[in-house]
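The sequence and structure come first.

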Amino acid sequence: MVTVEDWVNSQARLADLLGIDTWAAVIGGSLGGMQALQWTISYPDRVRHCLAIASAPKLSAQNIAFNEVARQAILTDPEFHGGSFQERGVIPKRGLMLARMVGHITYLSDDSMGEKFGRGLKSEKLNYDFHSVEFQVESYLRYQGEEFSGRFDANTYLLMTKALDYFDPAANFNDDLAKTFANATAKFCVMSFTTDWRFSPARSRELVDALMAARKDVCYLEIDAPQGHDAFLIPIPRYLQAFGNYMNRISL
């Protein structure tokens, strides 16, 4: 197993080899935001600015549940072979497809799915069977699963979702999130998106409240966007403007 803290430690070792003592800014969205936050905790004197976008100080029970469903889809695929599928020249394609389909649903909002697909059909009529791809949203999810299964490693997927589940830096500080950031010296910028229910604005506000309680320099922006969690990957004008304005204030 690996953790977010392990990743950050490995990044710090690479920075040492590259001769980088201090980062002007560490930036990340979602799981990347967790790594950015961990940098300010593990290496407080090496980060001047931290931008955590569509992220959270730890996963909710619902998020862990979705990750477990995705993992079980892979682990129970007959072609997984305990993780040694490459030695047999196969991949757990069905498991990866199902994992991606479940995950992709959580990245989108109900509004964005309704606007994009609604109850649109692939053909003119329903077939009333279990085998046909009848709704456009079914076709989209199957396409996403098919593409994902051909380019992503199953063991990596399992490790990444576990790293997400395990991230909980406040656990080392009696679950006091403010104390967790007590030694951080960075200035923080936290951003969230209104329809993101995977990493909801409430989780970002929880982080902001803790940083304020720890008397840290923090700004927060909640961006109105219909795309759900995927919004942090989309060039939304207000998002780009806010991000650019903050970055332009950072001296190198």
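Helix axes are lines fitted to C-alpha atoms over the stretch in contact, and angles run from 0 to 180 degrees between N-to-C directions. With that convention, helix H3 (residues 61-75) and helix H7 (residues 154-166) pack at an angle of about 160°, their axes 10 Å apart. The model is predicted, so local features need pLDDT of at least 70 and side-chain atom pairs count only at pLDDT 80 or more, while totals for chains, interfaces and linings use all residues. Residues are numbered from 1 along each chain as its sequence is written, and side-chain values use heavy atoms, with hydrogens and water left out.

**Overall make-up**

- The protein chain holds 10 helices and four strands; helices (H or I, at least four residues) and strands (E, at least two) are DSSP runs, numbered from the N terminus.
- Read from the N terminus, the order of elements is α-β-α-β-α-α-α-α-α-α-β-α-β-α.
- Along the principal axes, the C-alpha atoms of the protein chain fill a box of roughly 60 × 45 × 35 Å.
- Of the 252 residues in the protein chain, 45% are buried; buried means under 20% relative accessible area, exposed over 50%, and partly exposed in between (1.4 Å probe, protein chains only).

**Helix packing**

- Angles under 35 degrees count as roughly parallel, over 145 as roughly antiparallel, 65 to 115 as roughly perpendicular and the rest as oblique.
- A crossing is left-handed if the near helix is turned anticlockwise from the far one by less than a right angle, and right-handed if clockwise.
- H3 and H7 are therefore roughly antiparallel to each other, and H3 passes H7 in a left-handed crossing.
- The axes of H3 and H4 come within 7 Å and cross at roughly 165°.
- H3 and H4 are therefore roughly antiparallel to each other, and their crossing is right-handed.
- H1 and helix H2 (residues 31-42) pack at about 65°, with axes 9 Å apart.
- This makes H1 and H2 roughly perpendicular to each other, with a right-handed crossing.

**Salt bridges**

- The whole structure contains six salt bridges, where a salt bridge is a side-chain nitrogen of Lys or Arg within 4 Å of a carboxyl oxygen of Asp or Glu.
- Arg46 forms a salt bridge with Asp16, and the closest N and O atoms are 3.0 Å apart.
- Because Arg46 lies in the loop between H2 and E2 and Asp16 in helix H1, the pair ties together parts that are 30 residues apart in sequence.
- Arg46 counts as buried at 14% relative accessibility, whereas Asp16 is partly exposed at 47%.
- Asp165 forms a salt bridge with Arg71, the closest N and O atoms being 2.9 Å apart.
- That pair links distant parts of the chain, Asp165 in helix H7 and Arg71 in helix H3, 94 residues apart.
- Both Asp165 and Arg71 are buried.
- Glu222 pairs with Arg205 in a salt bridge whose closest N and O atoms are 2.8 Å apart.
- Glu222 lies in strand E4 (residues 218-223) and Arg205 in helix H9 (residues 201-213), so the pair ties together parts that are 17 residues apart in sequence.
- Glu222 is partly exposed at 33% relative accessibility, and Arg205 is partly exposed at 38%.
- Salt bridges that share partners join Glu68, Arg71 and Asp165 into one network.

**Backbone and loops**

- Most residues other than glycine have a negative phi.
- His81, although not a glycine, has a positive phi of about 55°.
- His81 lies in the loop between H3 and helix H4 (93-107) and counts as partly exposed at 29% relative accessibility.
- Asp175 is not a glycine, yet has a positive phi of about 60°.
- Asp175 is found in the loop between H7 and helix H8 (177-180) and is exposed, with a relative accessible area of 56%.
- Arg46 and Lys58 are 12 residues apart in sequence and 23 Å apart in space, C-alpha to C-alpha.

**Surface patch**

- Met1, Leu159 and Tyr166 form a nonpolar surface patch with about 330 Å² of accessible area together.
- Patches are made of residues with over 30% relative accessible area and no salt bridge; like charges are joined within 9 Å, and nonpolar side chains (Val, Leu, Ile, Met, Phe, Trp, Tyr) within 5 Å.
- Accessible areas come from the Shrake-Rupley method with a 1.4 Å probe, and for residues only the protein chains shown count as cover.
- Met1 sits in the segment before helix H1 (4-18) and counts as exposed at 69% relative accessibility.
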